[in-house]
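I opened my notebook to look up a helix and some aromatic rings.

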Amino acid sequence: MIPKTFKEVIDLGDGREITIETGKLAKQAHGAVVIQSGKCMLLATIVSNYHAADVDFLPLTVDYREKFAAAGRYPGGFFKREARPSDGEVLTMRLVDRVLRPLFPKDYHAETQVMIQLMSHDEEVMPDAMAGLAASAALQLSDIPFECPISEVRVGRVDGQLIINPTMEQLKTSDIDMVIGASEDSVMMVEGEMKEISEEEMVEAIQFAHDAIKVQCEAQRKLAEAFGKKEIREYDPEPEDEALQQKIHEMVYDKSYAIAKAGSTKQERGQAFSDLKEEVFETFTEEEQEELGALIHKYFSKSQKEAVRNLTLNEGLRLDGRKTDDIRPIWCEVDYLPSVHGSSIFTRGETQALATVTLGTSREANVIDMPSYEGEETFYLHYNFPPFSTGEARPIRGTSRREVGHGNLAQRALKKMVPEDCPYTVRVVSEILESNGSSSMATVCAGTMALMDAGVQLKKPVSGIAMGLITDQDTGKYAVLSDILGDEDHLGDMDFKVTGTAEGITACQMDIKVKGLSYEILVKALKQAREGRLHILEKLIDTIAEPRPEVKPYAPKIVTKIIPGEYIGAVIGSGGKVIQELQKETNTTIVINEDPDTEEGIVEILGTDQAGIDAVIAKIESVMFKPEVGSVYEVKVIKLLDFGAVVEYTEAPGNEVLLHVSELAWERTESVTDAINLGDVLDVKYFGLDPRTKKEKVSRKALLPKPDGFRERPPRSSRNGDRRHGNRDRRPKRD
């Protein structure tokens with residue numbers, strides 16, 4: 001029997017719509033929906049265990065995967081099966097996780113898994129923009145406790161017109177590419193890149209996205225009502241003890257306030273809070289510590305957080321003694337590593353990033369192979385966060401989702417400042433050596449300087465800053481914090497990272513932990529961020545004012561040469577023989593790609609020795625050399641034969657032609673050496689293909705004056721004709 005299905009339709013305008021359907025697939029999941037736009041279909045499911053895990057947090061996993069079958073393709077590699085998630089899939093997981101996580105009850109600790117799969121792909125629809133809607137819709141159909149529906153949309157702007165969920169083609173000409181996540185009453189997440197837009201334009205785009213999200217949230221409510229909204233499951237909440245909470249608050253609050261006000265370093269402050277916590281625990285017996293340990297930890301952290309926040313709200317002071325808009329001391333250095341193509345150190349307070357730049361050919365481009373997108377990145381950035389940067393010892397098990405996300409943010413901040421005609425593939429690597437604050441923004445600053453140190457001609461330098469927010473919902477007080485510490489990120493209500501040039505914003509990432517953040521506060525945060533960005537930008541410019549005019553002597557130089565498609569094979573040679581020998585002889589790297597539009601060959605020559613690069617260019621020009629009929633060329637005699645000499649065009653070494661003995665001089669030449677010798681350099685005239693021999697013909701005598709009284713012999717065909725016909729007629733007839 002065909003199951004009963006329920007459906008809601010969301011109108012996106014321009015004839016586009018999104019449908020949300022449930023009741024047909026994955027009915028054993030606690031919630032399941034299919035989201036469709038065009039031919040793009042996402043299946044989202046959610047399952048949550050009925051018993052809490054033995055942890056003090058929500059063990060939530062968001063998994064997003066794109067099936068290659070959705071695009072009618074096979075997975076690459078030896079094993080024809082989807083394996084570990086790609087960076088693109090990881091970034092989508094993070095986008096969804098950051099919006100969902102704050103809306104689960106704080107005391108809900110059951111293991112929960114959200115799975116979103118791309119089941120059918122449409123080239124006109126970007127599936128990551130619908131992943132948040134899919135996850136939330138599945139939650140609304142379940143009995144899992146969750147505060148309210150949310151959704152996510154992508155915003156683009158083409159020719160000044162804002163667009164919800166633009167196509168890939170529209171994004172190519174868009175000056176905004178942002179994903180916004182929100183509930184009906186609160187914006188919760190923003191991430192994206194821009195082409196130096198203003199703060200006001202960014203807020204306008206966020207408001208535009210929020211209006212569309214409200215419609216999508218309402219559609220989820222209608223679907224849940226039609227399907228039959230389930231009763232929210234009961235779960236065992238965390239135990240509470242008001243008397244214990246009050247007791248710990250009295251012991252902790254004032255002392256925490258004093259520690260926070262001392263303006264100490266991260267290590268000193270951490271030790272002081274650790275000592276205070278130990279002092280609190282010592283007031284309890286061993287039995288009480290064992291029984292109430294989790295609650296003591298919880299109430300200690302709560303009182304500590306309250307004290308730190310109130311210090312900022314009441315006195316405008318922060319944990320390290322700064323005012324709300326102060327930036328920590330900054331020092332920078334470039335050209336630190338002697339053998340890399342470009343390097344820099346950026347240190348801001350207790351956060352330090354060491355960035356390196358490596359220059360290569362298109363062969364080193366980062367290949368992206370996803371069902372929803374195939375392409376190459378010729379500029380990419382990798383971010384590494386080792387445990388020693390925070391004074392910890394823990395195992396390293398591959399690249400974390402956080403490292404992927406932070407690296408992507410820094411890459412988006414910088415990539416539009418790399419010139420379109422940059423001949424190199426550019427890889428930036430940021431090693432975080434210390435961390436207490438935004439290491440992703442330190443990466444942006446270090447990356448800017450390293451690129452300029454490497455001689456990459458950045459259009460403009462880029463800086464970045466992380467902003468924070470502390471609010472008091474009861475009093476209406478709030479404080480916007482510039483250049484936040486790690487503790488302020490944890491204790492605050494907002495983490496807002498903004499990057500840009502002196503002219504405008506290039507990228508942002510925002511996570512908001514409070515409901516109903518007003519656009520007034522958001523605009524203030526953006527404007528305060530601009531002041532901080534410009535301050536940091538001055539420090540970068542003081543260190544390196546502009547890109548180096550040339551790459552470093554030991555860095556590879558690259559020359560790009562366009563050749564007609566018909567010569568690609570000749571340059572490569574049979575089995576690659578010509579190009580391989582040429583690379584070996586010149587100590588260069590040569591890459592040849594064919595432009596699919598023009599069918600021309602794009603030759604990239606990479607090497608540290610200019611002489612080697614010049615030799616490659618000369619060889620390519622030699623291969624492409626094509627003499628013109630009637631033109632005069634200088635040649636060199638490289639071989640003597642009985643019937644002539646082999647000569648080589650001096651402007652195209654390797655291009656040889658036979659100079660026949662009859663073309664050496666007007667007089668009869670008995671021996672080739674009577675006219676020329678090995679190694680002689682002379683001029684010849686090019687006549688093209690000889691119709692009789694079907695070979696190329698050049699002549700030396702054509703450039704020499706004819707001797708006095710010279711009588712040119714008739715062409716061979718004429719002489720033969722005379723002999724065959726004229727002489728035969730004169731022979732006497734036989735009787």
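Here are my entries, one topic at a time.

This is a predicted model, so I kept to local features with pLDDT of at least 70 and side-chain atom pairs at pLDDT 80 or more, while totals for chains, interfaces and linings use all residues. Residues are numbered from 1 along each chain as its sequence is written, and side-chain values use heavy atoms, with hydrogens and water left out.

Entry on α8. I found helix α8 at residues 401-415, with 15 residues and a reach of 21 Å from first C-alpha to last, close to the 21 Å expected at 1.5 Å a residue. (Helices are DSSP runs of H or I, at least four residues, numbered from the N terminus; the expected span is 1.5 Å times one less than the number of residues.) I then checked burial, meaning under 20% relative accessible area with a 1.4 Å probe, protein chains only. In α8, 12 of the 15 residues are buried, so the rest of the structure largely encloses this helix. Among them I noted H406, N408 and R412.

Entry on rings. I paired Phe, Tyr and Trp (its six-membered ring) when centres lie within 6.5 Å; planes under 30 degrees apart are stacked, over 60 edge-to-face, the rest tilted. That rule gave me nine aromatic pairs. One of them, Y253 with Y257, is tilted, at 6.1 Å centre to centre and 45° between the planes. Both sit in helix α5 (residues 242-261), four residues apart, so about one helical turn separates them. Y383 and F385 are stacked instead, at 6.3 Å and 15°, and both are buried.

Conventions: Helices (H or I, at least four residues) and strands (E, at least two) are DSSP runs, numbered from the N terminus. Buried means under 20% relative accessible area, exposed over 50%, partly exposed in between (1.4 Å probe, protein chains only).
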